[in-house]
Protein chains: 2
Amino acid sequence: MIDLLLLGTGAMVPLPNRWLSCLLVRAGGSLILFDCGEGTQVVWRRFGWGFKRLAAICLTHQHADHVAGLPGLLHTVSNAGRTEPLDIFGPTGTAAVIAGLRVIAPVLPFDVRVHELEPGASFALPDGLRGNVVAGAHSIPVLAYRVERPRAPAFDPAAARALGVPTSAWSALQHGEPVAFEGRQVRPEDVLGLPRQGVAFAFVTDTRPVPAHLDVANGVDLLICEGTYGPSAKIETAIRNGHMTFAEAATIARDADAGELWLTHFGTGMPRPDEFIGEATAVFPRTRIGRTGLAASLTFAHGLEELDPVGG
Amino acid sequence: MIDLLLLGTGAMVPLPNRWLSCLLVRAGGSLILFDCGEGTQVVWRRFGWGFKRLAAICLTHQHADHVAGLPGLLHTVSNAGRTEPLDIFGPTGTAAVIAGLRVIAPVLPFDVRVHELEPGASFALPDGLRGNVVAGAHSIPVLAYRVERPRAPAFDPAAARALGVPTSAWSALQHGEPVAFEGRQVRPEDVLGLPRQGVAFAFVTDTRPVPAHLDVANGVDLLICEGTYGPSAKIETAIRNGHMTFAEAATIARDADAGELWLTHFGTGMPRPDEFIGEATAVFPRTRIGRTGLAASLTFAHGLEELDPVGG
């Protein structure tokens with residue numbers, strides 16, 4: 001299961017009624033944060049997910065509205081009692097930004113390990129999740145993230161019995177290891193079915209649409225994508241500022257065959273983004289306007305299900 | 001006139017219902033901010049005082065809960081159109097902290113001029129205000145601030161007429177300049193009355209009480225002082241953490257003959273600071289529990305008057 005919670009949906013500056021765009025993810029015993037603008041820890045506290053289990057932070061880029069909340073958050077994670085390392089992923093230049101911001105968080109009871117990712121990189125996230133990044137197109141380097149929980153092929157007990165595999169060896173085969181018994185060898189593929197679809201989401205913000213977004217969003221259960229501008233008439237402003245319109249985000253969702261689209265990162269000039277949802281749903285009907293507290297679970301059994309964001 | 005607005009009253013971490021301790025001051029056409037924790041710009045926006053006129057920031061010390069909001073605020077001041085320089089005052093080490101935090105605000109349309117103040121320093125603030133600092137006692141260097149608007153002595157027209165001073169020369173004398181006419185010289189003190197009381201406030205936080213606090217708070221119209229702990233029984237915790245109890249803050253107000261005391265910087269373990277106001281009023285009756293939006297004006301004519309914080 002992967003739980004996703006939108007903490008904020010704003011662009012550029014935090015507003016009294018709109019926190020900056022970021023996403024909190026819960027997987028197993030760990031939390032993973034995507035972007036961390038000023039005030040992230042404040043709105044986070046509303047939902048009771050705790051801070052101690054924050055194991056990884058994935059940064060799309062280094063503009064202040066996506067990273068300025070980091071030093072305060074690191075202190076709060078420290079106050080919550082974390083001692084295990086915390087991994088921070090981001091594009092080239094992330095290490096220098098973290099070093100600068102840590103001028104006010106120089107001593108922490110846990111290691112902060114910074115990983116600068118090249119576009120195309122694949123990396124391990126907590127609880128067996130896999131991350132992948134591609135480059136976007138913005139005024140500075142930006143990454144779009146895909147996060148996936150792969151699903152093992154089903155084990156076929158009938159096939160195992162037919163091959164005479166003792167039940168004590170089933171677990172190894174289920175985990176992909178060959179086993180030898182009575183002078184014979186049985187390979188995992190002899191007793192496993194076809195590959196099965198895992199669950200996945202993508203987080204795409206502060207970028208013009210690029211072809212690689214179809215890769216990160218390909219077949220995801222949920223695409224969370226910026227829609228800085230609602231009206232398609234704002235396309236020239238979007239191009240000039242390295243952002244997207246609602247319709248452009250919806251086009252990625254449609255062309256990548258995403259399950260659902262949540263729009264976020266709304267421009268400060270758009271107090272009521274819901275007024276423009278038609279611009280997106282005309283292209284991709286399964287679109288929702290993001291809001292603080294919008295949450296969902298991704299499960300193998302049921303795909304995407306809405307989630308009560310409080311507690312857990 | 002000096003207008004003062006408490007933006008937040010919290011210590012250590014910003015909470016959903018309590019912004020971090022900081023004070024916004026308006027004098028003439030300029031704004032001056034005292035401390036800038038994470039989220040300061042968010043709550044600031046509620047009151048409609050604008051950002052462009054922010055001319056100075058006074059920092060007590062460099063702990064994250066007092067400075068983490070700076071880079072985001074600098075961007076917002078930039079977006080508001082400021083091009084005039086912005087002065088940042090603080091203790092030794094401030095320049096390095098600003099340099100670190102500006103990793104995410106490297107290019108601004110205005111100069112940021114950092115001034116590291118030695119304890120005892122006097123410095124000019126916008127609109128003719130004078131600042132003074134003394135050292136407190138905390139885990140790192142901390143400054144307590146006094147800000148004063150001096151008041152010129154009253155001009156005595158009868159004395160000027162008796163000396164035969166032409167009215168065209170009155171203004172120069174009022175401004176403290178000697179004038180010469182008809183072969184004679186008249187000095188300002190010949191036509192000015194006794195010195196008159198100005199208005200002043202002090203901002204004291206993140207410190208144990210020290211004797212120098214009686215100097216910064218001496219006779220101020222308003223002392224804004226930390227009260228991290230309400231109950232006097234918490235004195236040992238206060239000593240250990242370099243903070244004060246309500247009663248200790250009230251003792252400074254009483255001994256310095258302050259006009260009024262506003263308590264702020266409430267510990268996270270004290271959700272209802274008003275429950276402990278008796279600890280302060282037993283020592284100094286004119287005490288108020290700070291809250292976001294508590295505001296006052298200091299005027300020569302009326303001293304301290306409560307102020308509607310919105311707009312202006």
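**Notes on a predicted two-chain model**

1. Helices and strands here are DSSP runs, numbered from the N terminus (helices are H or I of at least four residues, strands are E of at least two). This is a predicted model, in which local features need pLDDT of at least 70 and side-chain atom pairs count only at pLDDT 80 or more, while totals for chains, interfaces and linings use all residues. Residues are numbered from 1 along each chain as its sequence is written, and chains are lettered from A and ligands numbered from 1 in the order in which they are written.

2. A:Ala296 has A:Glu306 in β17(A) as its bridge partner. β16(A) also pairs with strand β1 (residues 2-8) of chain A, again in the antiparallel sense and over four bridges. There, A:Asp3 is the bridge partner of A:Ser297 in β16(A).

3. Next, the sheet of chain A. Seven strands form an open, mixed sheet in the order β7-β8-β9-β12-β13-β14-β15. At its edges stand β7 (122-124) and β15 (287-289) of chain A, each pairing on one side only. On average, neighbouring strands of this sheet are turned by 25° against each other, direction ignored; axes are lines fitted to C-alpha atoms, for helices over the stretch in contact, and angles run from 0 to 180 degrees between N-to-C directions. Strands β9 (residues 143-151) and β12 (residues 196-204) of chain A run antiparallel, with six bridges between them. One pair to look for is A:Arg151, which stands opposite A:Arg196 in β12(A). Helix α10 (residues 246-255) of chain A packs on the sheet and touches β13 (222-226), β14 (260-264) and β15 of chain A. The direction of α10 makes about 155° with that of β13(A).

4. Chain B has an open sheet of seven strands too, in the order β7-β8-β9-β12-β13-β14-β15 and with mixed pairing. β7 (122-124) and β15 (287-289) of chain B each have a single partner strand, so one side of each is left without a neighbour in the sheet. In chain B, β8 (residues 130-135) and β9 (residues 143-151) pair in the antiparallel sense over six bridges, and B:Val134 stands opposite B:Ala144 in β9(B).

5. Chain A is divided into domain 1 (2-153 + 194-306) and domain 2 (155-193); the bounds come from an automatic or database domain assignment. The centres of these two domains, taken over C-alpha atoms, are separated by 40 Å.

6. Now for the place where the chains meet: 27 residues of chain B are in contact with 27 residues of chain A, contact meaning that C-beta atoms, placed from the backbone, lie within 7 Å. On the side of chain B that touches chain A, the elements giving two or more residues are α1 (40-44), α2 (64-67), α3 (70-79) and α4 (94-101) of chain B. α3(B) gives the most, with five residues.

7. Why is α3(B) largely enclosed by the rest of the structure? Eight of its 10 residues are buried, so the helix is largely enclosed. A residue is buried if 20 or more other C-beta atoms lie within 10 Å of its own, exposed if 12 or fewer, and partly exposed in between. Among the buried residues of α3(B) are B:Leu70, B:Pro71 and B:Gly72. Their cover includes α2 (64-67) of chain A, together with α1, β4 (54-58), α2, β5 (86-90) and α4 of chain B. α3(B) is followed by B:Gly81, whose phi is positive, near 100°.

8. B:Ala68 is worth a look, in the loop between α2 and α3 of chain B. B:Ala68 counts as buried because it has 29 C-beta neighbours inside 10 Å. Leaving out residues up to four places away in sequence, B:Ala68 touches A:Pro71, A:Gly72, A:Ile104, B:Gly37 and B:Glu38. The C-alpha atoms of B:Ala68 and B:Cys36 are separated by 6.6 Å, although the two residues are 32 residues apart along the chain.

Terms used. Two residues are in contact if their C-beta atoms, placed from the backbone, lie within 7 Å. Two strands pair if DSSP finds at least two bridges between them.
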